[in-house]
Amino acid sequence: MDKVPMTLEGAEQLKEELKSRKGPERKRIVAAIEEARAHGDLSENAEYHAAKEQQGFNEGRIKEIEGKLAHAEIIDTSKLQSEKVVFGAKVTVEVEETGEEVTYHIVGVDEADLELGKISISSPMARAMIGKEEGDVAEVKAPGGVRHYEILSVDF
C-alpha cells in the first residue's frame, strides 16, 4: 500500500485518540461488560450486548488508526517553504464570482474538516491549486459549474 500524506498535527491527533481508546476507553468498556454479566442471563441482557457492540467498535477503530499511522507519511509543514501550493500549505484565495476571501489548509484525507478550513489533498479544490502560485487562478469543476479562485497567498 502506498504511503498517505499526513500533517504532524493530524498524526498527533490520531496518536492521542489511539492512546485514549487503548487505555481509558477499553477499561470503561470492560467494566461495563463485567457489570452487565453480573446481571445474569446474557441472552436477554441488552446492557451486555450494547457493551459488546461498543467493544467491537472500539477495537475496530484501534485497528483502523494503527493502519492509518502505519501507512502515513508524516510531513512537518512548519519546515516547508515554497512559492507554490503544496501539501500542508495554507492558501488564501478570492472567489472570483463573489470577491469573498477564504483560507484553506491542505491536509491529509483523514484530517479534512471543511468547518475548520482543512481540505483533503485529494479534493477537487486542492488538486486544482497544487502547483499554483500567488496571482494564479485555480479552476475547480464543481457540480454547479466551473468556479475560479485567485490565489492571494501561500503560507506554511
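**Close-up views of a predicted model**

**View 1. Strands 3 and 7 side by side.** Over six bridges, strand 3 (residues 90-95) and strand 7 (residues 145-155) pair in the antiparallel sense, where two strands pair if DSSP finds at least two bridges between them, and where helices (H or I, at least four residues) and strands (E, at least two) are DSSP runs, numbered from the N terminus. Within this pairing, lysine 90 stands opposite aspartate 155 in strand 7. The model is predicted, so that local features need pLDDT of at least 70 and side-chain atom pairs count only at pLDDT 80 or more, while totals for chains, interfaces and linings use all residues. Residues are numbered from 1 along each chain as its sequence is written, and side-chain values use heavy atoms, with hydrogens and water left out.

**View 2. The hairpin of strands 6 and 7.** Strand 6 (residues 137-142) also pairs with strand 7 in the antiparallel sense, over six bridges, and the two strands form a hairpin with two residues between them. Valine 140 stands opposite arginine 147 of strand 7, while alanine 138 has tyrosine 149, in strand 7, as its bridge partner.

View 3. Five strands in the order 5-4-3-7-6 form an open sheet, and their pairing is mixed. Strand 5 (118-120) and strand 6 are the edge strands, each of which pairs on one side only. From one strand to the next, the twist averages 45 degrees, with axes taken as lines fitted to C-alpha atoms, for helices over the stretch in contact, and angles running from 0 to 180 degrees between N-to-C directions.

**View 4. Helix 1 and its packing.** Helix 1 (residues 8-37) has 30 residues and reaches 42 Å from its first C-alpha to its last, close to the 44 Å expected at 1.5 Å a residue, the expected span being 1.5 Å times one less than the number of residues. At glutamate 25 the helix bends by about 40 degrees, which is the angle between axes fitted to the seven residues ending there and the seven starting there. The buried residues of helix 1 include Leu14, Leu18, Ile29 and Ile33, buried meaning under 20% relative accessible area, exposed over 50%, and partly exposed in between (1.4 Å probe, protein chains only). Strand 1 (4-7), helix 2 (46-70) and strand 2 (72-75) are the elements against which the buried residues of helix 1 pack.

**View 5. Alanine 126 in helix 3.** Alanine 126 is found in helix 3 (residues 124-129), and it counts as buried because its relative accessibility is 0%. Leaving aside neighbours within four places in sequence, alanine 126 is in contact (heavy atoms within 4.5 Å) with Ile106, Ile119, Ser120 and Ile121.
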